[in-house]
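Reader: I have a two-chain model on my screen. Walk me through how the chains meet, please.

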Number of protein chains: 2
Amino acid sequence: MKTLYFITSNKGKLQEATKKLRPLGYAVVQKDLGYPELQTDSLEEVATWGITYIQDRFDEAFMLEDAGLFIDALEGFPGVYSKYVFFTIGLPGILRLLQEADNRKAVFRSVYAYYEPGKKPIIVTGECNGTISQKQQGKNGFGYDPIFIPNGEEKTFGEMTIDKKNKFSHRGRALEKLIAELNTLR
Amino acid sequence: MKTLYFITSNKGKLQEATKKLRPLGYAVVQKDLGYPELQTDSLEEVATWGITYIQDRFDEAFMLEDAGLFIDALEGFPGVYSKYVFFTIGLPGILRLLQEADNRKAVFRSVYAYYEPGKKPIIVTGECNGTISQKQQGKNGFGYDPIFIPNGEEKTFGEMTIDKKNKFSHRGRALEKLIAELNTLR
């Protein structure tokens with residue numbers, strides 16, 4: 001097993017990465033180091049800044065992740081600020097904002113950034129298209145999972161097991177790309 | 001007249017500062033230099049980061065400002081992200097979120113940061129308490145002005161002249177503090 005340090009304070013993300021990467025030969029180890037996040041429309045930019053900050057403070061290879069839910073009818077809101085919005089207006093706020101919306105399309109985006117000392121950072125993105133449900137459903141997952149129904153499914157991420165969600169979630173897809181890149185390197 | 005460089009792209013803020021500071025002997029000159037804004041709950045932290053970034057790129061004394069509207073019933077939302085929220089869900093979104101709210105209390109906060117090469121930055125804050133109106137009123141000002149009624153008034157900032165708003169607005173108060181500090185220095 002190779003060790004992969006994951007800079008995160010989010011237990012849900014840690015669990016997802018662990019389940020996804022263990023079968024691929026990686027042991028994910030949490031490092032709860034905070035880093036400044038930039039106000040920008042771009043998840044990539046947030047992740048790149050994070051890499052720059054952490055690399056001066058941590059000597060091993062590491063990865064970090066930033067994600068957001070981008071809702072069509074709300075001009076991409078809550079987007080890069082999904083975490084802040086979740087902890088203020090929350091899921092009831094999002095559902096209220098979409099009360100009269102015909103268009104409930106949304107996309108979940110995830111950016112994983114990986115850095116190995118002395119090498120160029122690897123930045124990968126994963127997306128999952130879907131719709132916002134009419135009400136909260138399911139208690140699995142975290143964040144916006146209970147109101148997001150991926151295309152082709154009838155259940156929200158909140159009603160799925162981690163394994164099922166990992167198959168086509170934004171984070172699952174980004175992780176697959178990251179592992180593919182790591183495998184080319186080695 | 002002393003010259004005061006104001007790092008901003010916002011014409012409304014520039015106009016307010018000009019009107020407030022001209023009678024006090026300062027000519028405000030706009031410098032439209034962008035700077036990275038941090039994701040944080042603290043306007044002070046955003047402003048301090050801005051100072052650090054700009055001081056390496058600009059040789060004169062300058063000031064910059066960050067502001068936000070903090071709504072009680074929404075756990076402080078939109079707060080530090082007021083600009084982003086304004087350009088996504090906008091005023092209709094805020095009014096919708098408060099549709100059934102009995103508590104419509106809010107506070108406007110402004111932080112001015114001033115830096116003179118070789119000296120310690122000056123950080124001042126101004127606040128204005130008020131309530132969120134039931135609908136948009138007035139076309140003056142910018143941002144959330146048409147839905148914010150300061151305590152003791154019946155009209156929104158959007159229905160006031162700049163001079164009137166400047167008397168007790170968050171930014172007006174912060175600017176008064178800044179000038180008081182600058183006068184002690186000289």
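Author: Start with one definition: helix axes are lines fitted to C-alpha atoms over the stretch in contact, and angles run from 0 to 180 degrees between N-to-C directions. Note too that this is a predicted model.

Reader: At what angle do α4(A) and α4(B) pack?

Author: Helix α4 of chain B covers residues 90–97. Its axis and that of α4(A) are 9 Å apart. The angle between the two is about 120°.

Reader: Is that roughly perpendicular or oblique?

Author: The roughly perpendicular range runs from 65 to 115 degrees, and roughly antiparallel needs over 145. The crossing of α4(A) and α4(B) is right-handed. Given the angle, α4(A) is therefore oblique to α4(B).

Reader: Which residues of α4(A) meet α4(B)?

Author: On the chain B side the residues are B:Gly93, B:Arg96 and B:Leu97. From α4(A) come A:Gly93, A:Arg96 and A:Leu97.

Reader: Which residue of β3(B) stands opposite A:Leu38?

Author: Strand β3 of chain B spans residues 37–39. β3(A) pairs with β3(B) in the antiparallel sense, over three bridges. Opposite A:Leu38 stands B:Leu38.

Reader: How many residues of chain A are in contact with chain B?

Author: β3, α3 (82–88) and α4 of chain A each supply at least two residues of that side. By class, the side has eight nonpolar, four polar and three charged residues. On chain B, 15 residues take part, and on chain A the number is 15.

Reader: Now to chain B itself. Which residue in the hairpin of β6(B) and β7(B) takes a positive phi?

Author: β6(B), residues 105–115, and β7(B), residues 122–132, pair in the antiparallel sense over 10 bridges. Six residues lie between the strands. The positive phi is near 85°, and the residue is B:Gly118.

Notes. Residues are numbered from 1 along each chain as its sequence is written. Chains are lettered from A and ligands numbered from 1 in the order in which they are written. This is a predicted model: local features need pLDDT of at least 70, side-chain atom pairs count only at pLDDT 80 or more; totals for chains, interfaces and linings use all residues. Two residues are in contact if their C-beta atoms, placed from the backbone, lie within 7 Å. Helices (H or I, at least four residues) and strands (E, at least two) are DSSP runs, numbered from the N terminus. Ala, Val, Leu, Ile, Met, Phe, Trp, Tyr, Cys and Pro count as nonpolar, Asp, Glu, Lys and Arg as charged, and the others, Gly among them, as polar. Two strands pair if DSSP finds at least two bridges between them. Angles under 35 degrees count as roughly parallel, over 145 as roughly antiparallel, 65 to 115 as roughly perpendicular and the rest as oblique. A crossing is left-handed if the near helix is turned anticlockwise from the far one by less than a right angle, and right-handed if clockwise.
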